[in-house]
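This report considers how the strands of a protein chain pair and where its nonpolar side chains gather. Please view the model before reading on.

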Amino acid sequence: MKNIIYKNWLLALFVGLTAFAFVSCDDSDEGAPPIIERVSLVPKDSTTESGFRGNTYVIFGQNLGTAQAVFFNGEQAPLNTTLVRNDNIIVRIGSNTPYVNASNKVTVVTKHGEASLN
């Protein structure tokens, strides 16, 4: 009799914990649009207003964690998602990025919108 009660108790505990796991997980896809605050060259920590091909930069901001693409002057930069955090993105300007007669903008596209900075 004790064995049956013990098994029923374990089964009830397992079912309860499983139900709790499914109920407590929030699978919503809510998020805020990204905000770019500043861009700096990786070896330095000073804000920059111009970039050079092949250099690596940090884009600082908010809500950047779901970044899908980064553009410099309209040209998509190679994006390594392991270097993307909610507050910054480390990215290199691609070798094909135009710099003459270009928009001089960095744009970050996330699941929840996009943001640009001159």
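Strands, as the term is used here, are DSSP runs (E) of at least two residues, numbered from the N terminus. The model is predicted.

**Sheet and hairpin**

With two residues between them, β6 and β7 form a hairpin. These strands run antiparallel, and five bridges join β6, residues 106-110, to β7. Within this pairing, V106 has L117 of β7 as its bridge partner, while T107 stands opposite S116 in β7.

**Nonpolar core**

The largest nonpolar core has 16 residues. Among those with the most contacts inside this core are I59, V70, F72 and V106. At least two core residues come from each of the strands tabulated below.

| Strand | Residues | Supply to the core |
|---|---|---|
| β1 | 35-41 | at least two residues |
| β2 | 56-62 | at least two residues |
| β3 | 67-72 | at least two residues |
| β5 | 88-92 | at least two residues |

Strand β6 likewise supplies at least two residues. The most is given by β3, with three residues.

Which residues does I59 touch, not counting those up to four places away in sequence? They are I36, R38, V39, L64, V70, F72, D87, N88, I89, V91, V106 and V108.

Technical notes:
Residues numbered from 1 in each chain as written. Predicted model: local features only at pLDDT ≥ 70, side-chain atom pairs only at ≥ 80, totals over all residues. Heavy atoms only, no water. Pairing = 2+ DSSP bridges. Helix = DSSP H or I, 4+ residues; strand = E, 2+ residues; numbered from the N terminus. Core = buried A, V, L, I, M, F, W, Y, C linked by side-chain atoms within 4.5 Å. Buried < 20%, exposed > 50% of the residue type's maximum accessible area, 1.4 Å probe, protein only. Contact = heavy atoms within 4.5 Å.
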